[in-house]
Structures are given as C-alpha cells and as structure tokens.
Amino acid sequence: MDFHKLNSFETFKEVWSCYGYGENLEDVLEGEFTRIKGTVYLDHAATTLYPDSLVRSYCLDISRNVYGNPHSHNPSSRLTHETVERVRYRILQHFNTTAEEYSVIFTSGCTAAIKLVAEVFPWRSQTENKEVENRAKDKTRGEDAVCQTPHLFCYPAQSNFSGTKYPLSHVEGIQARRLYPACDCRGQWFVLLDAASLVSCSPLNLQDCPADFIPISFYKIFGFPTGLGALLVRNQAAAILKKTYFGGGTAAAYLSGEDYYVQAANLSDRYEDGTVSFLDIIALNHSFEALYRITGGMQNIQQHTFGLARYTYMLLSSLCHGNGQPVAQMYTQGQFDSPNTQGAIVNFNLIDSRGEIIGYSQVDRMASLYNIHVRTGCFCNTGACQSFLGITNQQMKRNLQAGHVCGDTIDLVDGQPTGSVRVSFGYMSTFDDCQKFLSFVAECFVKKPVAVDHARIERLRAASASNEEKTVNINEVKHKVEEKKKVSQKGFEPVHPNSREGAYTLTNIYIYPIKSCGAFEAHNWPVGPQGLLYDRAWMVVNGNGVCLSQKREPRLCLIRPQVHLSSNELVLQASRMNTISVPLEIRTEMHASYPVCQSKVCGDRVETKDCGDEAASWLSDLLGQPCRLIRQSPDFIRCMKNKSDTAVTSPSLSLVNEAQYLMINRASVELIHKVMSSRQDYPELDTQNIISRFRSNFVIAGVKPFEEDNWSNLIIGNIRFMVRGQCVRCQMVGVDQSTGTKTKEPLMSLSAYRNGKVTFGVYLTNQLPGSPTATVLSVGSHILPEPQAS
C-alpha cells in the first residue's frame, strides 16, 4: 500500500478508534471555529484555540453585569468577589479536589506561579541536581524525626518538547521518601508538579497525585483568557512558605511608620498582590462551560488528541525517500503506545535523501505557504533540546558565538540542528489536519517516489491494537450516598398544641424551597435535620454559578415554588410561564445526570447538584439571563458558624444565610406599620405585605414589639429552640414580594424607629442536646419563651 492510500481516515480508524465527541466534529468546527477554515493549526501546545460561543457568552456576561473591584464591599464588588470564588471552586472541581485540600492563587501564568514558589520557599544551602529515575528504593531509610530541613523536588508532568508524560506516582514517592534522592536526604520533601503542558489535553486527578504545588496556565487549556494562570497549593504544605513582600489586599494589618505586618488569614488573599485580573477570571466560567459542553471533559479530549498524534507519528516516522532514506528524525522516548505515557505532541526534524538535517526555519517557511501553523526552535526547553538533539554545553556556547540566540531563525550551525519542529493537537483538531500536514511533508520534502517502511507500520499497528484504551466518560462519577427516605405527607398528624396556657402563638409557617424565591405557606410541616424540610434546599445561580438573590434580581420573588410531598415534586410556577417540576429527592440512579458543582453561600463553600436543562431553560426565559437551578447535595454537611464561645453545637444548615430558622413577631410588624403610616412618604403597604418582605419561617403572635430580641430559648409545640442572634436586615426587604418592585420601605422606617439599628427578627436552631423531637410543627402551637438572664 502506498503513502497516499495509507494517509486516509480508514487507516486512522484502524490505528485508533476514539475520534470526536459523540457528534460530527465538522459540525462543531462549523459552529465554533469558522475563523480557522482553510487553516491547519498545529501549535496547540503553545496555545489552543477558543470557541466562538465562549467569547459571545463572556461578552454578554460583562455587558449585562457590573463587576467592581473585589476589594470593595459595594454590590458590584460583592458580585465580582463571589464570581471569582465560584471560579476557584470550579478549578478545584476540574482537578477533582476541594477547597479543604487545595487553595487557588491566581497568577499571570505558569511561569509566574513557579516564580512565586521560588520566591517564598525557605531555601537552604544549594544541593546538586539529581535524576529521580536513576535509582529507586523500596524502603525509606531511617528517618530522623527531628530534622525539618525543607526540600523541593520539581518536575514536569509532561514534556512540552516531546510530549512524554512522566510518572505521577513520583509525587507520593518523593513525599514519602521512597524514591531517590529523597530517600537519601533527611527532612521534609515537597513536590512542585509543573502541569501546564499536561492539563492542556489530559485530565489531572489530585486525589491520585497530591502534589504540593501545581502551576498551570489557562490559555493552554481554553485558548481564552490569556495572561492568566494559577498556583494550586496543597493546604497541608502552605505553612512552609515564607513571604517577605506584601501588596494591596494581602495584609490583615500593617503600619506605615513601623516594621509591623500581619498577613491575611486566607492563603489566596495572602499571595495575590494587588487586584487580581478579575474580568479574565470571570471569563474562565465561560471557558469551562464551553469545554465541557463541546467535549464532555478532559478524558475525551485526551483520547481524541492522542489518536491524532499517534497516527501522525506512525506515518511520519515510517515515511521514506525514494532511495529508502527515512524522512524524519523523531524525538520521543516511546512509540506512542498509550495516552498514559504520551501527550498530543510530535517532535521531529526532517532529513533529506542524503541523510542531512533540513533546517527547521525552512520547514516553517514552507508550512506558512500552505497555511500550516507549527512551532520551531527549542520551545523554551533548552534541557530537552540538548538531550534529544545531542547538543553539548560547549556546542551551546559555540552556537551563541556563531550568532544563534533563543527564538531566532538560525536553525543549523556547522550542519547540526539548533532546534526542531513541533506539531501539537487540541480538542478541535481533526483528521483533516493530520492528512494535510502529512501530504505537505510528502509533497515538499520527500524525494520521489514517496515510500513507506511497511515493516515499521505493521509493528506500530500491532502495538496500537494491544495498547488502545477504551474511552472513559468523565461524567461517570462514583457516589457513596445513601438514599434518603422519601417523606410523604400521608400519615402526618398535626402536633397537638402545648397544653400550657400562654399569650404566644405560632400564627404562620413559611417555607422557601428555592433561596430568594417566593414563599410556600403551610398549616403544618415536617422538621428535618437542617430546619423545615426542603427550606432553602435549592437556589438559582447565574451563568457563572454565582447565587442570585433578590438584591440582584428582584424578579426571583415572582417564582412561586410549591413542595408536593405526596408526589415527590418541587413545582415551579410563575405568571405567564408553563408550570414545571423537578424531583424532591435525588435518587441514586439520578446522580450521574445531576452534575456536581460548588458554590458559595454567605462565604461558605457548598456542594450542589445541577437540576437539569429544563429548569435552567425555564429560569433563563423568566429572568432574561442564563440561569441554573441547583440543589444542595444530600450528603454535603454545612455547619453553622458559632458566634460565641458558649455555643454548644454547630447545627447543620441548608442554603440559608445564617441559621436554620428566622422568626418575627407580629407585634413588631404592626409597630413598623404604624411608624410607616406616620411618615409623609409612606407607601400604601398593609401588614401582610410587610410580613412577606421580612421572609421569616415563623410568624408569632406576641405581646410587646421586639421583645423576642431578649429571648435566649423558646419552645414551640414540643420542640425546643435556641435563639442564635438577631437578623440584620438589608435592602432586600424593600422588594415587594407580590410585584418584584423595589421601595425604600420598610427599611427606612425600621432604621428611623430604632436609631439606625436595622435588626428585625431572630435566628433559631433546634439542635440543642437533649431536646425533644417532633415530626411536624403546626400553626396554632403555643409558645413558651425564656428571657435572657439579666
């Protein structure tokens, strides 16, 4: 079979079966990458290309929203801060880790991230560089527990020169001092894993590879934004770093006239000097969204790109001149057997029919005429360049004397190459790219007739058949979650009112299934481990995964969710919208279709599940912006922050802001109504309208206004509650819950009456040790308050 018959898609499919992402790749290119039509772009290791939809969604985002400097505290700044924090979680999720294990420090790129570690690592005396592969030992030598000398072992997860992947097992081997040189040097061993090249087309699971410092550049993964990277720091290793410089936003306190400085408590704040590039960070949300939507994830990208690289390597390394002389000198440490050991990079120099190297600049110039984009030179990797090309230190110095410097076009000195040619693939690369590149080489640099080393082709083919790995769907995640018992309204009996006589009564129960959306009133309702069952179990997030509240989107109050216990449904209703529903419980078999995501509520990280495209489309149509409905994961526990040393327990919370319950006193509401009525600019609001604005779970009939501020405990029905503090009200109470319009009342009247104090209502929890339990709370239950000790 001649070269032109070999250079076909049929041959490719024989070599590697994984191609594309479950749909016609040409359709993806037509919809997302029309600008590269007619271009063969093979420089993805330098930067990959971004899809059109990424830029469109990003531009729409920043044109709709006001993003302020995150160091301020105004609404636009809070939006920026929360969006940036959401991006940190998404980065950690991409690498299968959490904020409890790693921190994300934004930098200008991988190089800046490595530089940061170099500047803050507590270096000791210089030691000789050693190769970890030279010798390894099964057992660690005797450890002197007293020795705390820090050592830093740095290596790349993948060579940007050859695409060789180095064992990720070295990370734990060095940390545990099982490998040389760590086994010969006492002290603490830390590992910096340069992952920039690896993560461009391959997954990195930090559960399997817990490196201490991982620098990355995002443009290598997404193509956009550029000039943005990150240093992922293992929290266990953070204490070893010693920073000497501090800039804006990194200090908890400092004095200008004295050598006094206290660093910020948060690791990311401590090392991000000045204002981060927040608009670029916000763009990452859209980058992640586009990548996963188009490809399904990094495992799929790895399978696709490795197949293209393997096919190109196989044909190029087998290509011969008419006289049998090979056309290419390949620079690789393997035979492209597996994506576990080789990335989507092919490095080589072309050879003429006399066996002499063809300079890489000549190849580059010819490729440009064919609109083929490759990379030439040493790729900022002098060590690999010397190793593969056999260039000694003395030759490097002589090349400099001959006028050759990094990045120039002097490709040969005394007939010896100073660099090579690199082609690299990205997730949008196609077989057509491979075919055009190989045809270009055959047409321009092969002495005819074009020949092929068939024996080599068959050897590589056989290796491919024995080593090809099955495609893994990255969305298949194992979940260790016990299925919750379904709660049915059938069989619930109202709790009989407490027999104690008193003046206090529970008059209303409100559940807010979706955070910041409308209330669902019940006469009696089950109490769960996080408060009223299904209260704030869901929330709406914007296109960047940031929680939407009525402060930013007042129209949320127009969504009227209802919980139907008997049919296990959350029903979403709104004027002029079709009614839809989502299941109350996430069954085990549904986990795969409910993607895991992370967000923030009042500064707390929460793990959530996405509720699907139907709910997202419904919310987006109603609110006029990209939105998703997410639900707190059933196995995720978020504990309430204790605000005093006397707090005994840390109750678990849903997606509420502060505590399990909020209670207001009807007498307090009536007083505020009276104050509002006396003001000249008083809007016509009735008592029920005011009650709805304060969005409480419990409304009680009390005796005196604001007397609840002085209670420490209370019993409703037969459940004992602790008062956890007063609720500080924000401008959200100015949203009319029936229309979604904003006013300044009742906040202004509340502030005027209480001399600037804007607390209204108290937070409750029911998690006191020894408290009696009940299945249901009912309207009409008597209340027994306990005042604070004087």
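**A helix and its neighbours**

Guide: Let's start with helix α12, residues 360-369, where Tyr 360, Ser 361, Val 363 and Ala 367 are buried (under 20% relative accessible area with a 1.4 Å probe, protein chains only; exposed is over 50%, partly exposed in between). Seen down the axis of α12, those buried residues fall within an arc of 160°, so they line one face of the helix; the arc is taken from the directions from the helix axis to the C-beta atoms. Arg 365 and Leu 369 are exposed on the face turned away from that buried side. Helices here are DSSP runs of H or I with at least four residues, strands are E runs of at least two, and both are numbered from the N terminus.

This is a predicted model, where local features need pLDDT of at least 70 and side-chain atom pairs count only at 80 or more, while totals for chains, interfaces and linings use all residues. Residues are numbered from 1 along each chain as its sequence is written, and side-chain values use heavy atoms, leaving out hydrogens and water.

What do the buried residues of α12 pack against? They contact β11 (345-350), β12 (372-373), β13 (375-377), β16 (420-424) and α15 (431-445), with contact meaning heavy atoms within 4.5 Å. After α12 comes Asn 371, with a positive phi near 60°.

Now follow α15 onward: it also meets α11 (residues 298-318). On the α11 side the contact includes Leu 308 and Tyr 311, and on the α15 side Phe 431 and Cys 434 are among the residues involved.

Technical notes: Axes fitted to C-alpha atoms, helices over the stretch in contact; angles between N-to-C directions.
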